[in-house]
Amino acid sequence: MTNPAPDASHLRWHLLQVADLQAMHELHLLSIAGMAAQAVKPETRDFMLSLLQGRGRVIGAWDENTLVAYGVLQHDLLAHDDPRSLLGLVAGQPVCKLAGAAVDPGWRGQGLQRELIRRRMDCAPHDAALFATAAPCNLPSWHNLLACGFAVRALQYLYGGHARYLLAMVPQERAALQRPEAEVCVELGNGELPQQQALLMQGWRGMVTGMTAGSLRLVTTVKGG
């Protein structure tokens, strides 16, 4: 007899405090157990403490006294983590990073990754450009971001040379993206990262519509003459 699925509707949500550092760190380690560095970046306890001390906000979901999910919204970014130049943004544009999330393996399949994205979007300043990185091989991560309105804008090699999509949502671009005159689309799989990178550098964007498993649908807008 299998155990019933957990009920996410009973979870309590609130921002984590410094006192929650141990629970946050333990959940992070549990969530990445068995995963390679090419798929997910291990975070240090010191980095998590810096977030809880003011470099960001961390929203968590609790099942009674157990932390079962959390997501980071980081506003204090180091220079190498600043996406403004890649996204064509002015220096003064506010930016926030969805800088990692974790879900207890026993609670996966309950939509918590997507809920964490939405809640962090709600916490961000209304005029902030939001961005995140996700490994091409980590399909659930970037699939959920695309489903919430993010677009793949670049392919980078980070954290020791591992491939990462840069996904972003820029408030002032939303209206234009919703009214393209015409689109050209192409789907490329995980084995075609150089081709993906070449198109992204030309201004194509990775979108959610029409995507098949493991492939990224790249879209460019064609304006009428």
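Q: Which element gives the most to the lining of the largest pocket?
A: That is β4, which supplies 7 residues. Strands (E, at least two residues) and helices (H or I, at least four) are DSSP runs numbered from the N terminus. The model is predicted, so local features need pLDDT of at least 70 and side-chain atom pairs count only at pLDDT 80 or more, while totals for chains, interfaces and linings use all residues. Residues are numbered from 1 along each chain as its sequence is written, and side-chain values use heavy atoms, with hydrogens and water left out.

Q: What makes a residue part of the lining of a pocket?
A: A lining residue has an atom within 4 Å of a point of the pocket, an open set on a 1 Å grid over the protein atoms alone, where a 1.4 Å probe fits and protein lies on both sides within 12 Å along at least five of seven lines. For the largest pocket, the volume is about 1,100 Å³, a volume being the space filled by probe spheres set on the points, which are joined across faces, edges and corners. Of its 47 lining residues, Val40, Ala99, Gly100, Ala101 and Ser141 are the closest to the centre.

Q: Why is Ala154 called buried?
A: Buried means under 20% relative accessible area, exposed over 50%, and partly exposed in between (1.4 Å probe, protein chains only). Ala154 has 10%, so Ala154 is buried. Ala154 sits in strand β6 (residues 151-158). Leaving aside residues up to four places away in sequence, Ala154 touches Arg164, Tyr165, Leu166 and Leu200, where contact means heavy atoms within 4.5 Å.

Q: How do you know that the buried residues of α7 are on the same side?
A: In α7 (residues 193-201), the buried residues are Leu193, Gln196, Leu199 and Leu200. They cover an arc of only 125° around the axis, which puts them on the same side of α7; the arc is that of the directions from the helix axis to the C-beta atoms. Pro194 and Met201, on the other side of α7, are exposed.

Q: What do the buried residues of α7 pack against?
A: Their partners are β6, β7 (162-169), β8 (183-189), β9 (205-207) and β10 (215-221).
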